[in-house]
Amino acid sequence: MEILLLLLPLSAVLLGVAAWAFVWSVNHKQFDDLERSAMNIFDDDDREDPHE
Amino acid sequence: MSTTTLHIKDMHCSACHHKIRQSLDALTGITSMQFNPVRRQVTVTHADGVTPAELLLQIETSGFQPTLLNQTGQTSPGDRQMLKRLGVAGLAMMQVMMLQIALYAGAFQGIQAELARLLEYAAMIFCIPVVSYCAVPFFRQATRGWPRHLSINMDTPIALAITIAFSASVFNTWRGAGDTYYDSVAMFTFLMLGARYIDQRLRGRLQLQNSLTAALPREVLRLQAGRKVPVDLNAVQAGDLLWIDQGAQIPTDGNIWEQATALLDEALLSGESAWVERHGGARVYAGTFNRGSGFTLRVTALPQDSRLAAIDRLADQALASKNGLARLADKVARVFIPAILAMATLTCAGWLWVAPEQALSATLAVLVVSCPCALSLATPAALTAGLIKLRQLGVMVKNPRALEVDHLQQVFIDKTGTLTRPDPTISNIQALGNLTEADCLHYAAALQAYATHPLANAFKHLHQEPLPELQDVTVHPEGVYGRLPQAEGGTALRVGSADFCGINPTADNSTPPQTLLNHKAVYLAAEGQPLARFNLHNPLREDAEAFVQGCRARQLEVTIVSGDTDSQCQQASAQLGLQAISRSQPEDKTATLRAAKVSADNGATLYVGDGLNDLPALATADVSIAMLETSDLVKSKADVNLLSPRLTAILEFVDVSRRCRQIIRQNLFWAFTYNLAAIPLAAFGFAPPWVAALGMSSSSLLVMLNACRMLGTVPLTNSPELNNVPASGQPQTGAG
């Protein structure tokens, strides 16, 4: 069971990465507007958009 | 870099997006724009130098009507913070559970002591962020006002349970004996945060902080030495003379100056949909619209002292008193928590006296077993399930307390726009001249396309058809004048009131005399020759009858409260067999509701309305419902918003809220019974802490599952005719 001494810290590191990724995505407003992307398909504006 | 979110109510399609995008592109310092077609919002990221006012102006010049949204309209930083806490708690919970499963298995199959301690330490480390970061809002709420005065609220038991369970676990881990409760801590925090987050998001939606007076024009035209000078509304003094243009909203209370005559739309204050004529010296109120030609107004009251502002304050006060009600769970906590603490202390003292080595284990067992998780979840779980269910049915509950209102006995409903459809329709056409009815309709529609009068909406559905191009069109308050093109004869046509068309309505003996002003006939005439008469009415909604029957079946007494005249009310009330109170001013409606509450043995009242004149009544009623076709302001002040034009959705709300209260009662009963039974067992040492933890978790789970039962029960309105409402108006659930 000595392997746990490696696996437990490893899972802690992975947890840290996952938590960081989640917090990052919330901070970058990835969860702010969950409706818009689904509606983009109706946007028939084909022109090159410099903003997005 | 900053962001501004604007609501643009007339933004309908991608072409609109394109137009707005182009107009904003003209500004320098715009980084990006994001459109949300469902909420009709655009979020603009721009340099700090660009002010929201510039954005508004820029969009306005492209022909749209933007309004600035404050924080509540969008995802607030508070929401984001909550989501982060929830996510971190979820991740940590998974880790802790995994470790705890090994420990549980070890407890039954045997596990090396060192290994168990290693796993416990690991669980403790994963649990630290949950307690020190995720659970912070609970601690903050529980210690609010502390140490000066201790307020026991909903969060006290939660904070206490987390603190005690975690510190006892740490202590046990450190001394290497006894049970640990890291899994309970993590799971409990996650579930509670989840419930809070959903609640917060639901409440944040559509909550446009707005007031009646904020909708008044900010700039007015003051007459100074015979010139019209634009000044800020706040600079206006009593005694000033203001020029009110045609179509403008009256900014503050005053009198009509000299011998002018004004045609006013007072629907905002009185609910009366027909326009009224006022003469020199008469009082006019802020918020009404000038539909006639321009006139001079002598200011008698500042905007903040106007009648409109008074109504606004009335609504706010009523709302505040309603929200001040203590919630059941808080009341329970206030009694229950001190009782638990007393019992734990008693247990501890008792065991110290009898067998000191068992004192900690028994005290912990009492605290864990009596942890009021189930009790604190009982109400929110049922409410959340109720909210989700109603949302599926096209009813958005903004104030979850509306679901808790018991003994609903009386329903008060506004007539125009609520019980009836919002726009008038043509009930029949009488040809008075030598043209066919179809031709008359064709010409009338062409003229009405220019009109702004609400009755012109009756012709709106015809605007899609090819209509003749009119020349020399002039719009009068009482009608529209225009000439047909030469190809179609070049006849001059008038559509509007009998007076405007030069018709003596009594001469046509087929129907009683009616003018445009006091309802509901529109004439078409060519050079003084009457061509046709259009009889208009606001028809009842298709499901009005089903709604009334449904209310009767549920022992609810329905009364119409309307600002309209007696005769109009009688027609509707006779058709549905209801009582009606006509000519109700906003204050009268409030008084009616108060009186009903007293006379009906404190039975609760429900008010359904759609107009701004319903605001005080909406705030006074125990439960207030706003119809779909109404302004954001009315929606923001009502407890419940209908997302479909169906009246029967109100019945669904009543059913779900009844079911919801039933579930709450069951949940509370179960939680109390469980605690009553388990505490003595734990206190006398019959239940070891792991049994206590199991009991606590399963009782919480039971409460949650009981609440979820509500989501499955589909046919709420079980009589088939209630479901036969056209589905066209049903919005997609989940959108918006």
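I count two strands as paired if DSSP finds at least two bridges between them. Helices (H or I, at least four residues) and strands (E, at least two) are DSSP runs, numbered from the N terminus.

This is a predicted model, so I note its limits: local features need pLDDT of at least 70, side-chain atom pairs count only at pLDDT 80 or more, and totals for chains, interfaces and linings use all residues. Residues are numbered from 1 along each chain as its sequence is written, and chains are lettered from A, ligands numbered from 1, in the order in which they are written.

I looked up β17 (residues 471-476) of chain B and found 4 bridges to β18 (residues 479-483) of chain B. The two run antiparallel. They form a hairpin, with 2 residues between them. His476(B) stands opposite Gly479(B). I then followed β18(B) onward: 5 bridges join it to β19 (residues 492-496) of chain B, again antiparallel. Here Tyr481(B) has Arg494(B) as its bridge partner.

**Entry: the 6-strand sheet**

In which order do the 6 strands of the open sheet in chain B stand? I read β6-β5-β7-β13-β8-β11, with antiparallel pairing. At the edges I find β6 (227-232) and β11 (283-284) of chain B, each pairing on one side only. Inside the order I checked β5 (residues 219-224) against β7 (residues 241-244) of chain B: 2 bridges, antiparallel. Leu221(B) stands opposite Trp243(B) in that pair.

**Entry: the 3-strand sheet**

I also looked up an open sheet of 3 strands in chain B, ordered β10-β9-β12 and paired antiparallel. β10 (276-279) and β12 (289-290) of chain B each have a single partner strand, so one side of each lacks a neighbour in the sheet. Between β9 (residues 261-265) of chain B and β12(B) I find 2 bridges. Leu264(B) stands opposite Asn290(B) there.

**Entry: Arg709(B)**

Is Arg709(B) buried, exposed or partly exposed? I use these cut-offs: buried means 20 or more other C-beta atoms within 10 Å of a residue's own, exposed 12 or fewer, partly exposed in between, with C-beta atoms placed from the backbone. Arg709(B) counts as partly exposed because it has 13 C-beta neighbours inside 10 Å. Arg709(B) sits in helix α22 (residues 689-712) of chain B. Its C-alpha atom is 9.4 Å from that of Ala382(B), 327 residues apart along the chain.

**Entry: chain B overall**

I noted 22 helices and 26 strands in chain B. Buried residues make up 42% of its 736 residues.
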